Each structure stands twice: as C-alpha cells, then as structure tokens.
Amino acid sequence: MAVTSPDQSAMRGTQPVATNRAWSWYRVSEGMTPYFLIAPLLVLIGVFIYWPLVYSTYLSFFDWNFVRPDKNYVGWDNFTRLPDDPRFMRALRGTLFYTVTLVPLQVFLPLGLALLLWPIRNSRAQTSYRIMLFSPTIIAYSVAAVMWLWIFNPLQGILNKLLVEFGVERIGWLSDRDTAIWAIIIVATWKTLGFHMLLYLAALEGVPKDYIEAASLDGANHWQIMRSIRFPLITPTFFFVLVTTVISVNDDVFGAINVLTDGGPFDSTTNIIYYLYQQGFQFFQIGAASAVAIIVFAATSVLTWVQFKFVERHVHYG
Amino acid sequence: MSDMTRRRFVGQAAAVAGAAAVAGTAATSAGRVAAQEKTEITIYHIWGTPPGGTPAEQPAPMTQVIDAFNAQSETVTLNTNTPGNYQETLQKTQADIAAGNPPDLVSVPWANLHYAIDGLGVRDLASVAGDRYDEFVASMSETAWPLVTRDDVVHGFPWGLSTPIFYYNADIFEQAGVDPAEAFATWDSFAAACPALQEAVGGAPVFSLTYNKDWPAQTLIQSNGGRVLNDDGAFGFTSAEAKEAMQTIADLDTAGFYDRGTRDELRPNFIAGSTAVWQGSVASLGGLNNDAPFTLGTNTWPRFGDKPVVASTGGSFLGIFTEDESRFDAVLDFLAYCASEAGYSLWNQTGYVNISNIELERLPGQEPAYAQFEEGLILETNWPGARGLEAQAVWDVYCERMWANDISVEEGVSQALEGINAIIGA
C-alpha cells in the first residue's frame, strides 16, 4: 500500500484541473489565433473601405459640402436629378466607351505580348522588353503627363512633326473631340500594359513542363499546345485580369483624363469617375458625388457578379 | 606644442568638444524657447512659382514677402503651403476645415467670394481686426475693398488684383511687318493682321485665350456692351451684344487663327514662339519675363469699334479662416506687413495691379493693365447659388465649344442658359 502525504494528494487533486484549464485556454487561443492575426487587416478594411461606403450612402441623401454646419436632407434628389444632367449623361457615354475599348486592350494585348515574349524567356532580350514594358506602370501620371503632353502638342510635339514631314496636316490630339479620347486610351493602355503582361508571363511560367512535353511527344503542334494546354492553365490569371480590369478601368483612366485633358474638349473625354471628382472636389457637392459613388459601386458589383456567374465556369483552377 | 602628448591632446579635444556640446545645447534650448514664444500660423496660396510660370532662380514674390516677414517678426512664424492652383488650394482648404485644422490665411479668388462666405465660412475682417479694423481699411486703396465686400461686410484682405491683357511676341510682329498698336486697336484690325502673323508662325494659329474660358469671355462680352451676369442677377450672355462678341472669336477660329489648345498647351506654345499672341493675366507678367526668350510686348484688349474695353478683375484676396482667436494678432501682423511698403514692394514684382496706398514704380509691360483699370474694371463674375461653381463649369465648356465652332453661338448661348438654369434652379 502506498503511503502518500497530504500535500501530494492535494497536488494530485489540483494538477489535472490546472492542466485542463491551461489546455482549454490553449485550445481557445489557438482557435482565436487566426482572428487575432487578421484583426488588424479587418480593422483597416473596415475603416478604409466599409465605413466610407456606409458614410457615402448616408451622405448621398444630403446636400452638403463637408464644411457647412447644416446638412440638408434631400432624399433621393441626388440620384433622380442625374439623368437630367447632360454632363452626367456624357460621362456615362464616356464610361461605356472606355470600358468597351480599354478592357479588350488591357486584357488581350498584354496576353499577346506575353505569348510573344514567352519563347525568348531565357534571353536578355526578354528582360529588356519586360523592363521597357513594365516601367510605365511605376511612373506617376503627373510625370508621364509631361512626356505625353510634349508628344501630343499640336505645334511642337514629335507626333505632329513626324506627320508634317509626311505631308499630313497637324492634328490637335488633345483639343479635337475625335482624337482626344483615343489619346487618353493610348496613354491608359501604355500605363497598364506591362503589369498585366507580367502577370501573364508568371502564369505561363507556372504551366507544368511535363504536360507540354507529353503533348509534344503525342505530336501536338505549337498552336494545339497553346489552345489545349497553356491557355486553359492560365485562365485563372486571365479571369483575374479580366475582373480587375473591368472593376478598375475607369478608375485607371482618371489619371490620364485629369492630367491631359481635364475631361475636355467639351467634356468629350470625361467619364463617371472624373464626373464624381468634379462634383466632389471642384464643385464641392459631396452629396451628389456620394450618389455617383454609390451608383458606380452598384454597377461594378453587378458586373463582377455577372463575370463570376458566366465566365468563371470556363476557368480551370487545376 | 612639442610637449603635447597624444593623451593630453585627446583630453583637451574632448573638453573642447564637451564645452561646445554644452554651449550648443544651451543655444538650442534658448532658440527653442524663442521659437516656442512665436505664434505659428499657416497660409495656403498659389504663388509658389510666378503665376503661370516656372520656378526662377529668385524666389517668387510671395515667398519673398513671407520670408521677409518671418525674418523681421519676433512674435510670429508664418508657415507656407502651396497646394497648386486656385482650385487645388480651395480643395485643400476645404479638406482641412472639415478635418478641424483650417489654415489661417488662404488666397481665395475674387470670383469665389460667395462660396468662401456661404460654403467655407470665411471670417469677416472686422471680427478679426477689432480695434485695428480702420487701420487695415486705410492701408489699401478704397477701390479694392468693394471686391471683398458683401452686404456691407468686408470678408477678406484685398491682395492680388489682376486683369486679363494681351501678350505678344514682338519679334514675330516685326518679322510679319505688323504694327502692334495698329493690330490691337480693334477686333477688325486684329483680324486683318492675322494672315501676316500666321505666315510668320509657319501657318500655325496666331493667338490663344487663357484657359478657363469663362474669364476672357467676360471681358469680351463686356467690351461689346453686354454682361455674362447682369447686376440684377439675370444672365446676360444671350443678349445680341454678347452673341456678337462671342461670334468674333468663332470667326477667327473659322479662319484658322485661334489656337484651340488645352490648358497645358497654350502658354508653352506662346513661349516657344509657335503662336504670336497669348491672352493671360497681368499677374503672369513676372513669370513671362523670366521665361520668354523673345521680346515680350503687352497690350490692352482690342476694342469693338469705338466702345471702351471693359475688362474683368481677376486674382484673389486673402481670406481668414483662423479658429483660434489667440492667433488673430499673428494674422493681423502679417496682413499689416503685406500692406507696408516693405511687404508690398516685394509683392509688386508679380505684375498685379497696385492696390495699396503706396506709390510704386510700375513694371514695364503693366501699362495695359493700368489703362484698363482706369477705364473701369468689372468685378469678376461671382456665380450665384450653392451650385454656382458647377454652373460656371457649364458656361466654360459652352464658351470653348462656341469659339471652336463645335456649336453655333446662337445654339451655344441658348443651351448654356438652359443647362445653367437647370443647375442654379435645382
């Protein structure tokens, strides 16, 4: 028979309880760890994305300039007056035009470039091309504008000087309503081309080599490999580029509009984001600007949902 | 020095360094105490570079005024922020007011007086100046005060008074054999001179009107006897006089003499000698004198027949937004310095019309501005209502469209009126 001291028996009685508690706390804290880790990000997203969204929705029902002590409640007026505003309708047309022209340009052109550069992936030439095509992405619009303003200048610009050399009349690239919007499209494409191309190149790099080798052994030609293996395997990247381009294309083009044309000539290069900016920060109509922001948010959400509903089914996630 | 050992040298050096450090700390502390005693105030303004110009070797005149003030003041430090153009300056002001940290002084365009009062809550001068109010009113020309007065209340300190004038490249005029005085006499004589000038610039357009077309449109229409906005608050740009004036530019555009360029093209085109004439603010005189590589000439606006040139004002006043009453004296000290001979002499280098009570030598090239000033300026249009800025933008686009023949003048003024009424009445 084992003799135990009272102290020992007490220890036996309490130790399992303490261990259980510690274990429970450990399990709870382990379960909570992910939440603790993402909490800072959640707070940031809440403060900088969801709270502005909620506050914008609230402000869209007021006539206010952010400073006046009195906010006038105007109900749905900020929304209902938009269709009667010719400037809003012009901005809407511009938005549609930019979306229809820039989305294909920013989605397919970089893909084409990536496919052209892919075969020379191990050469210095590809590195040079990559640097050349990517560098516009990191140049601020304000800096790039100086260069493009000079290129497009009707009297001293290099573009018109070349045209005049060939006997073509000078063109007011930024002051003619027929050419200004195309000038904006050129600059916006130039700015984003390299980034998307880089994403495609990375995706192409990720395609397993044994798939390609197996297909080659089976006698597949270059085009068949591209169509049946490479492209399906890079569709996640393609889908990502498509969705983010549709979401951001009119936001991206804002920089070019702001520094090159101010929405002119005659509002011909404006879009809904520039209209929003003018309402909020040139005319100080924060309520009206918030209403436009809500409309943009709703339209973008619907477009994104449509893409997930109808395009995502064609994406091969591997 | 022969008995100077290394240990001794190091020891003495350490002692000197220690003494210097102590002295330095003491001096810094003293300096900090002095700095703490100074009241810090802030001004937002547009004059970081000469208006419309590029940075020159010498600091811009407003920077000189501020630096000189800070150097002589024992009680105030004025900090500067130059957010950009007038619009960007107002944007920053608005954001900082909303954030509860307004600047003390801001350069506010005369044209935005109503917005500064109703939208931004600019302080009236009397409430800030108190007993010193009369001293301030006496410090500037009596012609300037109505520009910052509404309902008999003064809402700012008059500072930069400009007016649009014509700048020309005298070398091109000489090459074309055109006498500037004759060419700028009337719009008819100007149109007659354009073909020769166009040949001299290699077939390019001859002249441009400054961006923000609303501003030159005012002088154009007023000089033909019309108004953009009548004194009774009704829009006058649909009058026969206004339409005739607007048609003048449209006709010059049809003939290929008018440069339709964008905001960032017009002035560079003139500086590069690609166009012969540029209409801009007299405030650009200092900047153009720095930048123009040719003989720069200035002139008043051409007349419509024998009618007088009735130009608009331009420029800005200094609006007071200080919330903390303990800083009022600091703000007033700076304004008093601005009105003093020392301050205003520095400011006078810009090209702005002298609205102080100090006799100062006029700058070469300023003559047309004074001629128009003496002929009678009209206060730049203050677009009415809470959505006045938006209405102004609508009119601005229609001016651009009418002058570039994108729309007929008849249709342009009619559609502009409809659009503006929809906004102002909304």
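Colleague: How far apart are the end C-alpha atoms of helix 17 (residues 388-403) of chain B, and which span should its 16 residues have?

Modeller: This is a predicted model, in which local features need pLDDT of at least 70, side-chain atom pairs count only at pLDDT 80 or more, and totals for chains, interfaces and linings use all residues. Residues are numbered from 1 along each chain as its sequence is written, while chains are lettered from A and ligands numbered from 1 in the order in which they are written. Helices (H or I, at least four residues) are DSSP runs numbered from the N terminus, and the expected span is 1.5 Å times one less than the number of residues. For helix 17 of chain B that should be 22 Å, which agrees with the distance between the end C-alpha atoms, 23 Å.

Colleague: Is helix 17 of chain B largely enclosed or open?

Modeller: A residue is buried if 20 or more other C-beta atoms, placed from the backbone, lie within 10 Å of its own. In helix 17 of chain B, 15 of the 16 residues are buried, so the rest of the structure leaves this helix largely enclosed.

Colleague: Which element of chain B has the lowest mean pLDDT?

Modeller: pLDDT is the predictor's confidence in each residue, from 0 to 100, and chain B averages 88. Helix 11 (residues 240-254) of chain B has the highest mean, 98. The lowest mean, 48, belongs to helix 1 (residues 6-37) of chain B.

Methods: Helices (H or I, at least four residues) and strands (E, at least two) are DSSP runs, numbered from the N terminus. A residue is buried if 20 or more other C-beta atoms lie within 10 Å of its own, exposed if 12 or fewer, and partly exposed in between; C-beta atoms are placed from the backbone.
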